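Hello,

Here is the structure I promised to pass on. Please open it alongside this note. My findings follow below.

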Amino acid sequence: MQKAKGTYDVFGEYGKKIRVVENILSDLMEVYDYEYFRTPIFEASEVFHRGVGDTTDIVTKETYDFKDRGDRDMTLRPEGTAGIVRSYIENKYYGNPNVPSKIWYYGPMFRYERPQSGRFREFYQFGVEVFGSNDPLTDAEVISIPVNFYKMLGLKQIKVHINSLGDTESRDNYRKALKDYFRPHLDSLCEDCHVRFEKNPLRILDCKVDKDLDVMKKAPKTIDFLNEESKSHFDKVKEYLDAMNIEYIEDPNLVRGLDYYTHTVFEVEASVEGFGAQNILCGGGRYNKLVGTLGGPDTPGVGFAMGMERLMTALDYEKINLIEEDGIDAYIIPMSENEKGYSIGICNALRLSGYRTDMDYMSRNIKSNFKQSERLNAKYVIIIGEEETKNNVLTIKDNETKDEYKVKVSELVDFLDSKFDAHECGCGHCHE
RNA sequence: GCGUGGUUGGUGAAGUGGUUAACACGGCGGAUUGUGGUUCCGUUAUGCAAGGGUUCGAUCCCCUUACCGCGCCCCA
């Protein structure tokens, strides 16, 4: 038995680290005043077909599809936005007087792909969606979230790329112009680009093979096809980013793979040498037609999604350590089988008092037990033998100073309280 | 879906067509019958991803499959 391809188990150092990151993330969303949504991991297939786009690779060849026992077509969510939009509509959040709705989500997504660095079949995404405002303020705010988050984590080598696709009118005009432009040059483009030309001509622009071609460099730019309104929207977004001191790179070749984007699109890239091919940490943009497409009232929206695995890799690359040095408060050693009952009683009492406590479950000899107490980085070691149980006086050893104390059982908690109170150094052992 | 490299104990790994698969770390036990270090001793893979083939004999050669890594596609 082994894990399914493209999945991974969380434990050990990674487990500690991801919990820290997740906590920072939820704290950040509180500061931003966003509301937590959790939608199902599977939905009716139609949600994604209509939401993500019938022609996208994600939906046509990467979904986990299955029929449930009622013969319904279901799909494991390949991304978060479609489900959130479905929920937003179904719960009539468009009627919520608190506009805009600022929403965040976090959880596993599923795509049937060939795994490689920074890419899994089950992967975790964090994302936000803001519904109900077309104000460029919201575009800028959404972009600021990952930027601030990365800043809080200490990530330095990141780059923000932005572009605008314009509204549907601008976007359609541009797509047409692009096809007209590339049609006579098709021969010089790579094989993949021929497919893109038919399916999604915008994506020709970020082809890695042809990017240095002259035809590529002279291709029409999205910016030149923006109508007045779209252009002023984009200018405002940039103005607001400047106001927040967020650096960005205008990238006319930035287009995104999902069909639903309009106006602002952005990506944040990990620009670290040797990071791997999958170096886009997060990406998103505005999608003013999506809520309508999924059967809700016309509602503007903007959001982004962030891949957690890539983020964790980036933290490793920049050698950022988020795990605080921690150890337990007390380790209890029963000297023999006879003292185990007495020991677990003491252990239980300490835990109830809020002390992080562990004990020997392995009937180790005394030497191995001290070794174990070191492994656990225990502040105090409590030794319980025949003498101790008889007299109700415990032998407590300070593992740092090697001082030894005899303490009555009834005064144990008071003793530790006084010790930890006196020990104010932010070492993790101190109690408020 | 395409291409390419890999898979040997708890860990890092060496190795060979032929009886006991190095070495190191770690673990456990002991020397020390109630104290963490050092040192020493003992112990720690019935097995070299799985299945098939070639062979007198395969962990090693060949094929298939699985999984991992990297790149393409795509995307977070």
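**Helix packing and cores**

Helix H1 (residues 12–31) packs against helix H5 (residues 136–153) at an angle of about 135 degrees, and their axes are 11 Å apart. Bear in mind that this is a predicted model. The two helices, H1 and H5, are therefore oblique to each other. The crossing of H1 past H5 is right-handed. From H1, Ile-24, Leu-25 and Leu-28 meet Phe-149, Met-152 and Leu-153 of H5. The residues of this H1 and H5 contact are six nonpolar, no polar and no charged.

A second pair is worth a look. Helix H2 (residues 45–52) and helix H4 (residues 81–90) pack at about 105 degrees, with axes 9 Å apart. That angle makes H2 roughly perpendicular to H4. On the H2 side are Val-47, Phe-48, Gly-51 and Val-52; they meet Thr-81, Ala-82, Gly-83, Val-85 and Arg-86 in H4. The H2 and H4 contact divides into five nonpolar residues, three polar and one charged.

Now the cores. Which residues touch the most other members of the largest nonpolar core? They are Ile-103, Val-128, Val-142, Ile-143, Leu-281 and Met-306, out of 66 residues in that core. H5 gives the largest share of this core, seven residues. Another core lies apart from it, with 20 residues, including Ala-330, Ile-382, Leu-394 and Ile-396.

Take Val-128 as an example. Leaving aside neighbours within four places in sequence, Val-128 is in contact with Tyr-34, Ile-103, Trp-104, Val-142, Ile-145, Gly-303 and Phe-304.

Best wishes

Technical notes
Residues numbered from 1 in each chain as written. Chains lettered and ligands numbered in written order. Predicted model: local features only at pLDDT ≥ 70, side-chain atom pairs only at ≥ 80, totals over all residues. Axes fitted to C-alpha atoms, helices over the stretch in contact; angles between N-to-C directions. Helix = DSSP H or I, 4+ residues; strand = E, 2+ residues; numbered from the N terminus. Parallel < 35°, antiparallel > 145°, perpendicular 65-115°, else oblique. Left-handed = near helix turned anticlockwise from the far one by under 90°. Contact = placed C-beta atoms within 7 Å. Nonpolar A, V, L, I, M, F, W, Y, C, P; charged D, E, K, R; others polar. Core = buried A, V, L, I, M, F, W, Y, C linked by C-beta atoms within 7 Å. Buried ≥ 20, exposed ≤ 12 C-beta atoms within 10 Å, placed from the backbone.
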